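Take a walk through the model shown here.

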Amino acid sequence: MKPSTEILKNYEITAQGKTSLTAMRMILSGIFAGFFIALGGLGSQVAATAVGGTAGKAVGACVFPVGLFLVVTVGVELFTGNCLLVAPWFSRKTTKVKFTGILKNWLLVYIGNFLGGLLLSCAVYFGHIDRMFDNALGQTMIGAATSKWPLIP
């Protein structure tokens, strides 16, 4: 097992690379990551609806990680993964990772992730994908959304 100082040193190199990307690269990479995660979520909902019941939820849970797999294998920027960019900055042993670079990365990647998810949402809506299985997929999506947001009556 590697000591924590070596892990931090490796992550500092990663953080330098992530914070030095161009703004366009951050946004485009974020869009792809948001699209991939949304695609994993959509696949999970389709699988859960197709199979149904408790087994459907289990199958859906097995399908969702496909989105994460795509993010990792393609190498795109996901906001939640970039939250750890502050670790090298907090160590204060280096000035190579600037906090302004971290904030720029967070903002642009977050916007990109949102746009990627929105892009797939539009494709689902305009492609009438939510009407699959006699509207059961749409009902499953609504049920999932309302269970996560208790403010909806």
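Contact means heavy atoms within 4.5 Å. By that rule, and leaving aside neighbours within four places in sequence, Phe79 is in contact with Trp106, Val109, Tyr110 and Asn113. Two notes on the model come before the rest. It is predicted: local features need pLDDT of at least 70, side-chain atom pairs count only at pLDDT 80 or more, and totals for chains, interfaces and linings use all residues. Residues are numbered from 1 along each chain as its sequence is written, and side-chain values use heavy atoms, with hydrogens and water left out.

Now the overall layout. The protein chain has eight helices and zero strands. Both kinds of element are DSSP runs, numbered from the N terminus: helices are H or I with at least four residues, strands are E with at least two. Along the sequence, the pattern reads α-α-α-α-α-α-α-α.

Next, the dimensions. The C-alpha trace of the protein chain spans about 60 × 35 × 30 Å along its principal axes. Its radius of gyration is 19 Å, while a compact globule of 153 residues would have one near 15 Å. That radius is taken over C-alpha atoms, and the globule rule is 2.2 Å times the number of residues to the power 0.38. Gly143 is found in helix H8. It is partly exposed, with a relative accessible area of 34%.

How much of the chain is buried? Of the 153 residues, 29% count as buried. Buried means under 20% relative accessible area, exposed means over 50%, and partly exposed lies in between (1.4 Å probe, protein chains only). The accessible surface of the protein chain comes to about 9,700 Å². Carbon and sulfur atoms account for 71% of that surface. These areas come from the Shrake-Rupley method with a 1.4 Å probe; for residues, only the protein chains shown count as cover.

Contacts also reach across the sequence. Take those in the protein chain between residues at least 6 apart in sequence: 70% join residues at least 24 apart. Charge can be summarised briefly. There are 12 positive and 5 negative side chains, and the centres of the two sets lie 11 Å apart. Lys and Arg count as positive, Asp and Glu as negative; His and the chain ends are not counted. Each charge is placed at NZ of Lys, CZ of Arg, CG of Asp or CD of Glu.

Turn to helix H2, which covers residues 23-51. Ser44 lies in this helix. Its relative accessibility is 12%, so Ser44 counts as buried. Which residues does Ser44 touch, not counting those up to four places away in sequence? They are Gly60, Ala61, Val63 and Phe64.

The aromatic side chains come next. The structure holds four aromatic pairs. Rings of Phe, Tyr and Trp (its six-membered ring) pair if their centres lie within 6.5 Å; planes under 30 degrees apart count as stacked, over 60 as edge-to-face and the rest as tilted. The ring centres of Phe32 and Phe36 are 6.1 Å apart and the planes stand at 40 degrees, so this pair is tilted. Both residues lie in helix H2, four residues apart, about one turn of the helix. Phe32 counts as partly exposed because its relative accessibility is 46%. Phe36 counts as buried, at 12%.

Phe79 and Trp106 form another aromatic pair, and this one is edge-to-face. Its rings are 6.5 Å apart centre to centre, with 70 degrees between the planes. Phe79 lies in helix H5 (residues 79-82) and Trp106 in helix H7 (residues 99-126), so the pair ties together parts that are 27 residues apart in sequence. Phe79, Trp106 and Tyr110 form one aromatic cluster. At 22% relative accessibility, Phe79 counts as partly exposed. Phe79 and Lys96 are 21 Å apart, C-alpha to C-alpha, and 17 residues apart in sequence.

Finish with the loop between H7 and helix H8 (136-148), where His128 sits. His128 is not a glycine, yet it has a positive phi of about 60 degrees. Asn135 is found in the loop between H7 and H8. Its phi is near 70 degrees, a positive value in a residue other than glycine. His128 counts as partly exposed at 41% relative accessibility, and Asn135 counts as partly exposed at 42%.
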